[in-house]
Structure formats: structure tokens, C-alpha cells
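Thanks for asking me to look through this model with you.

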Amino acid sequence: GLDDELRLARAIATFEAIVAERVPAAAGSCRVARLEGFVIDIEADAPIVAQELRLRATELLAVFAATPGGSGVRELRVHVRRGGPRV
């Protein structure tokens, strides 16, 4: 419903801001693909971006979970986008 869409929009904006601040090299190369229950699913354009996010997952998740947009999230999953980067 509308609450789920608003939660996803808030999560997307929050995650983008956190990545831009904490992992600037990955900014614009990853995005929130899905938010289900306690899990945020992140899509990366390239394996190197996915690896960097996985290495920083604990930090990113802690910061994200502490925000209103990320409340309740306990797990961050990262996968590489099929078909390569968006153009």
C-alpha cells in the first residue's frame, strides 16, 4: 500500500545519502532494489561496487538502521545488477 511505497522512497533517499557520505566511490553505482521486513536489498552496477558495499555492510547498516527511513532494518544484502551498469 501507500505506507510501503513511502517507506521504500524514504529508504532509497536515506541509503543514497549514506553511500554518498560513507562510500563516495559507490555513489550512483548502487541503489535500493527492495525493502522487505528487516532486509534491505541493494543492487550494484559492478562486482567491485558490490564488494565494497559488502566490506562496509556493518557500518552502512548501523548508520541506516539509526535513521527514521531505516528503522527496523537488520540485514543488508548486496547483489550485482544483471546486464551491467545502467546507461
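1. Let me begin with strand β2, which is mostly covered: 6 of its 6 residues are buried. Val39, Asp41 and Glu43 point one way from the strand, while Ile40, Ile42 and Ala44 point the other way, and all are buried. Please keep in mind throughout that this is a predicted model.

2. How do the strands line up? There are 3 of them, forming an open sheet in the order β1-β2-β3, with mixed pairing. β1 (30-36) and β3 (75-80) stand at the edges with a single partner strand each, so one side of each is left without a neighbour in the sheet. On average, and with direction ignored, neighbouring strands are turned by 25° against each other.

3. The two pairings deserve a look in turn. β1 and β2 are antiparallel and pair over 6 bridges. They form a hairpin with 2 residues between them, and Gly37 in the turn has a positive phi of about 55°. Along this pairing, Arg34 stands opposite Asp41 in β2, and Cys30 stands opposite Ala44 in β2.

4. On the other flank, β2 (residues 39-44) and β3 run parallel, joined by 6 bridges. Here Ile42 has Val78 in β3 as its bridge partner, and Glu43 stands opposite His79 in β3.

5. Is Asp41 buried or exposed? Its relative accessible area is 9%; with the cut-off for buried at under 20%, Asp41 is therefore buried. Leaving aside residues up to four places away in sequence, Asp41 touches Arg31, Val32, Ala33, Arg34, Arg77 and His79. Among these contacts is Arg34, the residue that stands opposite Asp41 in the pairing of the strands.

6. What does Ala44 touch, not counting residues up to four places away in sequence? The list is Ser29, Cys30, Val49, Ala50, Val78, His79, Val80 and Arg81. Of these, Val49 and Ala50 are buried residues of helix α2.

7. Turning to the helices, α1 (residues 2-22) lies across β1, β2 and β3. Its direction is at about 145° to β1.

8. Val49, Ala50 and Leu53 are buried; they cover an arc of only 100° around the axis, which puts them on the same side of α2. On the other side, Pro47, Ile48 and Leu55 are exposed. Cover for the buried residues of α2 includes α1, β1, β2, α3 (57-65) and β3.

9. Helix α3 can be read in a similar way. Its buried residues include Ala57, Leu60, Leu61 and Phe64. These cover an arc of only 95° around the axis, which places them on the same side of α3. Among the elements that cover the buried residues of α3 are α1, β2, α2 and β3.

10. Stepping back to the whole chain, there are 3 helices and 3 strands, and from the N terminus on the elements run α-β-β-α-α-β. Residues 24 or more positions apart account for 62% of the contacts with a separation of 6 or more.

11. Finally, the overall dimensions. For 87 residues a compact globule would have a radius of gyration near 12 Å, and the chain, at 12 Å, agrees. The C-alpha trace spans about 30 × 25 × 20 Å along its principal axes. Of the 87 residues, 37% count as buried. The accessible surface comes to about 5200 Å², and 55% of that belongs to carbon and sulfur atoms.

Key: Residues are numbered from 1 along each chain as its sequence is written. This is a predicted model: local features need pLDDT of at least 70, side-chain atom pairs count only at pLDDT 80 or more; totals for chains, interfaces and linings use all residues. Side-chain values use heavy atoms; hydrogens and water are left out. Two strands pair if DSSP finds at least two bridges between them. Helices (H or I, at least four residues) and strands (E, at least two) are DSSP runs, numbered from the N terminus. Axes are lines fitted to C-alpha atoms, for helices over the stretch in contact, and angles run from 0 to 180 degrees between N-to-C directions. Contact means heavy atoms within 4.5 Å. Buried means under 20% relative accessible area, exposed over 50%, partly exposed in between (1.4 Å probe, protein chains only). The arc is that of the directions from the helix axis to the C-beta atoms. The radius of gyration is taken over C-alpha atoms; the globule rule is 2.2 Å times the number of residues to the power 0.38. Accessible areas come from the Shrake-Rupley method with a 1.4 Å probe; for residues, only the protein chains shown count as cover.
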